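Reader: I would like to learn how to read sheets, cores, salt bridges and an interface from a structure. Please give the general idea each time, then the case at hand.

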Amino acid sequence: GENVEQHPSTLSVQEGDSAVIKCTYSDSASNYFPWYKQELGKRPQLIIDIRSNVGEKKDQRIAVTLNKTAKHFSLHITETQPEDSAVYFCAARATTTGGYQKVTFGTGTKLQVIP
Amino acid sequence: GAVVSQHPSRVICKSGTSVKIECRSLDFQATTMFWYRQFPKKSLMLMATSNEGSKATYEQGVEKDKFLINHASLTLSTLTVTSAHPEDSSFYICSATPPWRGPYEQYFGPGTRLTVT
């Protein structure tokens, strides 16, 4: 099955600096890679996603890159703000041999933006 | 749009009893819903895929008889934790994909915190 690794597990940055979170996946059949932000005690919220036919996607201060050959994808947050502090999860989605969609999550990165 | 709700938000039960958690898609029909379990400071672990009108698909290591899933309608899936034990204490989250968001995007419910005493 799919295995998604995520690094680092914790990340502290000064406000205004950039933050980068990296993930690798093992299943070459994975074709969709969402990123979620989860604030303490709240539900995960989709912040950006990328599909396997695209190498990069940007939405204001957030960007995601995908390298299919190397099976890794990254989240980039620029000009970080204190409200960016949260746990971020990467995920990879593939169709299983049983024919259904399965999402496998990374282990999470706790981002702390220091004012 | 794309609101997913869960009920209850918190539940405390005694060991040996059963607890039912509801997941509802409020403004769309969901033929498929997903149930996750999240331990403190840990990632989301997919437990099962709930399919309307058919049996749920459970992930390896998840006990079907312990975690009963019923997807009785296009807007409701239920997870019943049977004969609950303290080790079942966890945060349970469901998700669903609205049809206008294609086959990929998931919207999560607010979660249910289960504490078994």
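Reader: Which residue stands opposite Q6(B) in β3(B)?

Author: Strands of a sheet pair through backbone hydrogen bonds, either parallel or antiparallel. Here Q6(B) stands opposite C23(B) in β3(B). β1(B) and β3(B) run antiparallel and are joined by four bridges. Strands are DSSP runs (E, at least two residues; helices are H or I, at least four), numbered from the N terminus. Two strands count as paired if DSSP finds at least two bridges between them.

Reader: What kind of model is this, and how are its parts numbered?

Author: This is a predicted model, in which local features need pLDDT of at least 70 and side-chain atom pairs count only at pLDDT 80 or more, while totals for chains, interfaces and linings use all residues. Residues are numbered from 1 along each chain as its sequence is written, chains are lettered from A and ligands numbered from 1 in the order in which they are written, and side-chain values use heavy atoms, with hydrogens and water left out.

Reader: In what order do the four strands of the open sheet in chain B lie?

Author: The order is β1-β3-β8-β7, with antiparallel pairing. The edge strands are β1 (4-7) and β7 of chain B, each pairing on one side only. From one strand to the next the twist averages 20°; axes are lines fitted to C-alpha atoms (for helices, over the stretch in contact), and angles run from 0 to 180 degrees between N-to-C directions. Inside the sheet, β3(B) and β8(B) are antiparallel and share six bridges, with E22(B) opposite T78(B) in β8(B). β7(B) and β8(B) are also an antiparallel pair, over five bridges, and there L68(B) has T80(B) as its bridge partner.

Reader: Which residues of β3(B) are on its covered face, and which on its uncovered one?

Author: V19(B), I21(B), C23(B) and S25(B) make up the covered face. K20(B), E22(B) and R24(B) make up the uncovered one.

Reader: Which strands stand at the edges of the sheet in chain A?

Author: That open sheet has five strands in the order β1-β3-β8-β7-β6, and its pairing is antiparallel. At its edges stand β1 (4-7) and β6 (56-59) of chain A, each with a single partner strand, so one side of each is left without a neighbour in the sheet. Neighbouring strands are turned by 15° against each other on average, direction ignored. β6(A) runs antiparallel to β7 (residues 62-67) of chain A, and four bridges join them; D59(A) has I62(A) as its bridge partner in β7(A).

Reader: How should I read a nonpolar core, and which members touch the most others in the largest one?

Author: In soluble globular proteins, nonpolar side chains tend to be buried together. A core is a set of buried Ala, Val, Leu, Ile, Met, Phe, Trp, Tyr and Cys residues joined through side-chain atoms within 4.5 Å. Buried means under 20% relative accessible area, exposed over 50%, and partly exposed in between (1.4 Å probe, protein chains only). The largest core has 25 residues, of which W35(B), Y58(B), F67(B), I69(B), L79(B), Y92(B) and L114(B) touch the most other members. Among the elements that give two or more residues to this core are β4 (32-38), β5 (44-51) and β9 (90-96) of chain B. Apart from it lies another core, of 23 residues, including I21(A), V64(A), L66(A) and F73(A).

Reader: Which residues does F67(B) contact, leaving aside its neighbours within four places in sequence?

Author: A contact means heavy atoms within 4.5 Å. The contacts of F67(B) are R37(B), M47(B), Y58(B), V62(B), L79(B), T80(B), V81(B), D88(B) and Y92(B).

Reader: How many salt bridges are there over all chains?

Author: Side chains of opposite charge can pair when their charged atoms come close. The rule asks for a side-chain nitrogen of Lys or Arg within 4 Å of a carboxyl oxygen of Asp or Glu, and the count over all chains is seven. D49(A) and K57(A) form one, with the closest N and O atoms 2.7 Å apart.

Reader: Is D49(A) buried or exposed?

Author: D49(A) is buried, at a relative accessible area of 6%, whereas K57(A) is partly exposed at 35%. Another salt bridge joins D84(A) and R61(A) (2.9 Å, N to O). This pair links distant parts of the chain, 23 residues apart: D84(A) is in the loop between β8 (72-77) and β9 (86-95), and R61(A) in the loop between β6 and β7 of chain A. K37(A), E39(A) and K42(A) are linked in a network of salt bridges.

Reader: What is the area buried between chain A and chain B?

Author: The size of an interface is often given as the accessible area lost when the parts come together. Here about 1,800 Å² is buried, and carbon and sulfur atoms give 53% of it; the value is the accessible area (1.4 Å probe) that the two parts lose on being put together, summed over both. Chain A contributes 18 residues to the contact and chain B 21 residues. One salt bridge is counted between the chains: K102(A) with E59(B), the closest N and O atoms being 2.5 Å apart. E59(B) counts as buried at 10% relative accessibility, while K102(A) is partly exposed at 25%.
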